[in-house]
Amino acid sequence: MTLGEGMTAETLLPREVPLGGIRGITVHRTLPHRSRPTIGAWCFADHFGPTDARMHVLPHPHIGLQTVTWPVAGQIRHRDNLGSDVVLKPGELNLMTSGAGVSHSEISDPSDPTPMSGVQLWVALPESRRHGAADFEHVPDLPTVEGRGWHGTLIVGDFAGLSSRARVYTPLVGVQITLDEPDVVLDLDPSFEHGVLALDGPVSVDGVPIEHRALQYLAPTSRVRLDGAGRTVLLLGGEPFAEKLVMWWNFIGRDHDEIVQARDDWMGQPVGGRYGRVDGHGEDFIPAPELPNVRLRPRVRLKL
Ligand code: MN
């Protein structure tokens, strides 16, 4: 469904993407969407689980983005070339900033029998930050936020009078919200566009029913009405991101040649070069796929 003139909302349906491996995870992806590559600087949204599959993602690189890993159930061990080695638990945030280059691995705790579920999100870095140094934050003490008929956890940005200490580089919000009552109204930053991701079952957003795992896009508005007592949603928002993005594999750049260079740098020296080394995996890494036989082009957002 495309967004016509004068429309202020759009349902982005998930598509299933297998991440590979014998017991690999299938994710449900809502961003980037054909008609809508970004919501604020949020540019990638994968929902996974509940599943008995296990995450086993060997070292791989990123440029031009932040990864936001948010487990709902199950634990994930994160290691990166900065020396980080963290077991991430539900309710905690891993925020990795690639700058010009980082590499990491993400592997489920093999001793944890809990079916996994959660989300992985990417945030596009603005020009002012994307060429900078890599960084990693594990934030176990996120603020608890609440209002009439709901409570939640503030992941990034400001919401309901509180602020997350997780560092982002454009005006952005991410908050997990549980609806304790039917018919909840949330106040929103009217300079932000938003998306509501149905994390654990169908909900209604401004009267529009959306299925489990779908993402309801909202043009800038000062409030939203949610209906689905007992359900949990992820509210994502931000100032519309003006820079055009070329996204391919694990890279976000601004043109084709940057992506080619990022790929060459990984395949030429996956251990020890631009992206450093993730200890604990020997010489194992995920090779980049072949580039398509066409020049990569920016993803274009439809105007409201
Ligand atoms: Mn990654």
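**Strands and a helix in a predicted model**

In β10, the bridge partner of Arg77 is Ile107. Residues are numbered from 1 along each chain as its sequence is written, and side-chain values use heavy atoms, with hydrogens and water left out.

Now β7. It pairs with β10 in the antiparallel sense over 5 bridges; two strands count as paired if DSSP finds at least two bridges between them. Strands here are DSSP runs of E with at least two residues, helices are runs of H or I with at least four, and both are numbered from the N terminus. Strand β8, residues 85-88, is joined to β7 by 4 bridges and runs antiparallel to it. In that pair, Ile76 stands opposite Leu88 of β8. The hairpin of β7 and β8 has 4 residues between the strands, and Gly83 takes a positive phi near 95° there. Of the 5 residues of β7 (76-80), 4 are buried, so the strand is largely enclosed by the rest of the structure. Buried means under 20% relative accessible area, exposed over 50%, and partly exposed in between, with a 1.4 Å probe and protein chains only.

Next, the open sheet. Its 7 strands come in the order β2-β3-β4-β11-β6-β9-β12, with antiparallel pairing. At the edges are β2 (15-18) and β12 (135-139), each with a single partner strand, so one side of each has no neighbour in the sheet. Inside that order, β4 (residues 42-51) pairs with β11 (residues 116-124) over 7 bridges in the antiparallel sense. Phe48 stands opposite Gly118 in β11.

Last, helix α2. Which residues of α2 are buried? They are His256, Ile259, Ala262, Arg263 and Trp266. They cover an arc of only 130° around the axis, which puts them on the same side of α2; the arc is that of the directions from the helix axis to the C-beta atoms. In general, an α-helix has 3.6 residues a turn, so residues three or four places apart point the same way. The buried residues of α2 pack against β5 (56-62), β10 (102-108), β25 (246-248) and β26 (251-253), where contact means heavy atoms within 4.5 Å.

Note on methods
Predicted model: local features only at pLDDT ≥ 70, side-chain atom pairs only at ≥ 80, totals over all residues.
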